[in-house]
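Here is my notebook from a first look through this structure. Come along and check each entry against the view.

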Amino acid sequence: MSFVHEQREPSRLRGARVLITGGLGFIGSNLAIRLVGEGAEVTLVDSMIPEYGGNLWNIEPVRDRVQINIADVRDEHAMKYLVQDRDYLFNLAGQTSHLDSMDHPFPDLDINAKAQLSILESCRRHNRHIKIVFAGTRQIYGKPRYLPVDEQHPLDPVDVNGINKLAGELYHQLYHRVYGIRTVMLRLTNTYGPRMRVLDARQTFLGIWIRQLLEGRPIGVYGDGRQVRDFNYVDDVVEAMLLAACSSEADGEVFNLGDAHPRSLQETAALLVRYHRGGTYQLVPFPPDRKAIDIGDYYGDFQKIGTRLGWKPTVSLHDGLERTVDYYAKHCERYWPSAVAA
Ligand SMILES: NC(=O)c1ccc[n+]([C@@H]2O[C@H](COP(=O)([O-])OP(=O)(O)OC[C@H]3O[C@@H](n4cnc5c(N)ncnc54)[C@H](O)[C@@H]3O)[C@@H](O)[C@H]2O)c1
């Protein structure tokens with residue numbers, strides 16, 4: 001499709017004024033590094049709440065070439081100014097822990113739902129021409145009724161986080177439909193790679209697995225380890241975000257991301273051990289609070305984004321895990337206290 005290639009010329013983003021909420025987090029920082037490389041003028045908004053994924057080290061390669069604004073997306077006055085004069089908003093700020101959303105549902109509601117509405121209101125009132133890419137999640141489908149899960153699958157989230165992320169996504173859809181604001185909603189699946197939170201399991205189980213591996217502890221795999229997941233390397237997710245941003249065909253659309261080679265958790269743990277050339281994993285009982293909100297097997301159908309925007313994952317789990325483990329072996333002391341880099 002010549003349209004896709006036309007839209008992704010680097011010049012399209014050169015000089016573009018870009019705001020990334022959650023820009024010091026895992027995906028936001030990888031996106032920021034890529035956008036700086038494409039010549040964009042990048043501003044990052046992040047609250048740096050310690051339990052979340054923000055880390056100043058994440059943007060070390062572009063530290064002097066981005067504007068950093070330590071602000072909370074719940075602050076509507078700050079957001080009102082920050083969205084002005086921007087060409088693009090990559091809206092990634094979020095509370096990502098499913099368990100925390102059950103233990104402390106109200107911050108999740110405020111960040112993942114209410115603040116999303118107020119960001120959109122700021123755009124409606126102060127910058128209707130902005131293009132918004134929203135980081136949604138496959139969590140909103142709940143327990144799959146069929147596999148692979150496509151965008152038509154019923155939405156039936158199993159936890160507070162899923163409900164609030166669904167509300168956040170629906171607000172983005174509504175503001176396109178009613179006000180014509182150009183929004184694109186991506187439903188991300190398990191994303192991994194350099195700069196993810198590995199301190200604990202708040203962001204993804206792969207994060208804590210990598211920490212366990214590098215600390216010489218067994219990787220703890222919950223249950224029988226047979227649950228199936230699909231994984232995307234972060235560079236592929238960043239590419240999907242740029243395609244979504246640069247394509248007018250994406251406006252108002254919802255797209256799943258995903259990978260064509262889903263794996264069981266046990267298989268994934270075994271791969272990690274193999275690539276690290278050491279370590280071990282063990283099956284551990286599912287903690288009851290996690291079991292209660294587990295979605296079982298999941299993998300997504302991502303044909304729609306393939307057909308419409310020409311996206312497909314390009315980094316294999318093999319290469320992605322290797323790059324990720326290498327990154328943390330070098331920089332672990334930036335990600336958890338008392339670690340010593342190789
Ligand atoms: N990583 C995944 O596997 C995955 C899967 C599905 C969806 N997502 C979505 O992608 C987005 C980015 O996730 P991530 O994996 O990079 O997580 P992350 O925790 O590393 O990034 C989120 C960032 O948002 C910031 N943030 C949180 N609350 C904020 C607030 N109130 N104001 C300003 N900043 C705030 C955090 O400090 C953090 O830096 C999230 O919205 C998440 O729901 C991620």
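Over which residues does pLDDT stay under 50? I began there because I was opening a predicted model. The stretch is residues 1–7, and the model has 14 contacts for it beyond four places in sequence. I then looked up the overall score: the protein averages a pLDDT of 94, and 97% of the residues score at least 70.

Next entry: the ligand. I listed the 29 residues around the ligand and found that F26, D46, D72, K165 and Q203 come nearest. A polar side-chain atom of K165 lies 2.8 Å from an oxygen atom of the ligand. S47 uses a backbone N or O atom, 3.1 Å from a nitrogen atom of the ligand. T191 also brings a backbone N or O atom, 2.9 Å from an oxygen atom of the ligand. I checked the cover as well: on its own the ligand has 820 Å² of accessible area, and the protein covers 96% of that. Which elements give two or more residues to the shell? I noted α2 (26–37), β5 (131–137) and β7, with β5 giving the most, three residues.

Last entry: helix α12, residues 317–331. I tested its length. At 1.5 Å a residue, its 15 residues should span 21 Å, and the end C-alpha atoms are 21 Å apart, so the two agree. I also looked up its buried residues, which are L317, G320, L321, T324, V325, Y327, Y328 and A329. Residues three or four places apart on an α-helix point the same way, because a turn takes 3.6 residues. What do the buried residues of α12 pack against? I found β7 (190–192), α7 (205–214), β10 (231–233), β12 (263–264) and α9 (265–276).

Key: Residues numbered from 1 in each chain as written. Predicted model: local features only at pLDDT ≥ 70, side-chain atom pairs only at ≥ 80, totals over all residues. Heavy atoms only, no water. Helix = DSSP H or I, 4+ residues; strand = E, 2+ residues; numbered from the N terminus. Expected span 1.5 Å × (residues − 1). Buried < 20%, exposed > 50% of the residue type's maximum accessible area, 1.4 Å probe, protein only. Contact = heavy atoms within 4.5 Å. pLDDT = per-residue confidence, 0-100. Near = heavy atom within 4 Å. Polar contact = N/O pair within 3.5 Å; in protein donor to acceptor, adjacent residues only side chain to side chain. Areas by Shrake-Rupley, 256 points an atom, 1.4 Å probe, with all protein chains shown as cover.
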